[in-house]
Amino acid sequence: MSPVTTTLSSDLAMYAARVVRLIRQENAQTAGVRALSMIDEHGPLGVTALAQLDNCSQPTMTGIVRQLRDQGWVARQPHPSDARIGLIALTDEGRAELARVRRANGELIASRIDRHPEHSAEDLATAVAVLRDVLAAPTDPEE
């Protein structure tokens with residue numbers, strides 16, 4: 001890996017984190033939205049798995065899931081191979097809320113991009129492709 005690639009990759013990580021912070025500040029992102037997003041990305045999950053993904057305690061995630069359930073955004077469903085375990089799944093209302101939040105996030109970022117007419121839609125498509133590919137890359141360099 002070249003030093004230029006390492007430096008640009010570091011900048012990519014830093015600016016991606018700053019974009020996330022901007023969204024959280026401007027659109028008041030909650031732990032519940034993070035949980036909805038994780039369920040959307042990974043499919044139905046147990047509370048323990050959700051807590052591990054979010055780097056929080058199981059009791060904290062239990063409270064988050066309870067709030068999401070009370071709002072009608074998630075529902076408990078049986079685990080296909082272990083009836084003792086419940087999985088947390090998105091409801092149609094939860095999918096709609098996640099879509100609403102993502103649309104608001106997109107509008108926020110689009111308004112920032114519009115302030116820079118030197119960046120084209122192709123530039124944005126390239127940035128999205130790079131981030132998507134980074135997230136899809138195997139975590140083990142030997143894979």
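Reply: In helix 2 (31–42), the residues Ala-31, Gly-32, Ala-35, Leu-36 and Met-38 meet Met-61, Ile-64 and Leu-68 of helix 4 (58–70), where contact means heavy atoms within 4.5 Å. By class, this contact has 7 nonpolar residues, 1 polar residue and no charged residues (Ala, Val, Leu, Ile, Met, Phe, Trp, Tyr, Cys and Pro count as nonpolar, Asp, Glu, Lys and Arg as charged, and the others, Gly among them, as polar). The model is a predicted one, in which local features need pLDDT of at least 70 and side-chain atom pairs count only at pLDDT 80 or more, whereas totals for chains, interfaces and linings use all residues. Residues are numbered from 1 along each chain as its sequence is written, and side-chain values use heavy atoms, with hydrogens and water left out.

The axes of helix 2 and helix 4 come within 10 Å and cross at roughly 85° (lines fitted to C-alpha atoms over the stretch in contact, with angles from 0 to 180 degrees between N-to-C directions). Helix 2 is therefore roughly perpendicular to helix 4, a term that covers 65 to 115 degrees.

Helix 2 also packs against helix 5 (92–114), here at an angle of about 110° and with the axes 10 Å apart, which means that helix 2 is roughly perpendicular to helix 5. From helix 2, Val-33, Leu-36, Ser-37 and Asp-40 take part, and they meet Gly-94, Glu-97, Leu-98, Val-101 and Arg-102 in helix 5. In this contact there are 4 nonpolar, 2 polar and 3 charged residues.

Helix 2, helix 4 and helix 5 are the elements that give two or more residues to the lining of the second largest pocket, and helix 5 gives the most, with 5 residues. A pocket is an open set of points on a 1 Å grid where a 1.4 Å probe fits, with protein on both sides within 12 Å along at least five of seven lines, and its lining residues have an atom within 4 Å of a point. The volume of this second pocket is about 200 Å³, taken as the space filled by probe spheres set on the points.

The largest pocket, at about 1900 Å³, has 41 lining residues, of which Ala-16, Val-19, Val-20, Ile-23 and Leu-131 are the closest to its centre. Helix 2 and helix 5 each give two or more residues to this lining, as do helix 1 (3–27) and helix 6 (121–136). The classes here are 22 nonpolar, 9 polar and 10 charged.

Helix 1 and helix 5 have axes that come within 10 Å and cross at roughly 115°, so the two are roughly perpendicular to each other. Val-19, Leu-22, Ile-23, Glu-26 and Asn-27 of helix 1 make the contact with Ala-104, Asn-105, Leu-108, Ile-109 and Arg-112 of helix 5, and these residues divide into 6 nonpolar, 2 polar and 2 charged.

Key:
Helices (H or I, at least four residues) and strands (E, at least two) are DSSP runs, numbered from the N terminus. Angles under 35 degrees count as roughly parallel, over 145 as roughly antiparallel, 65 to 115 as roughly perpendicular and the rest as oblique.
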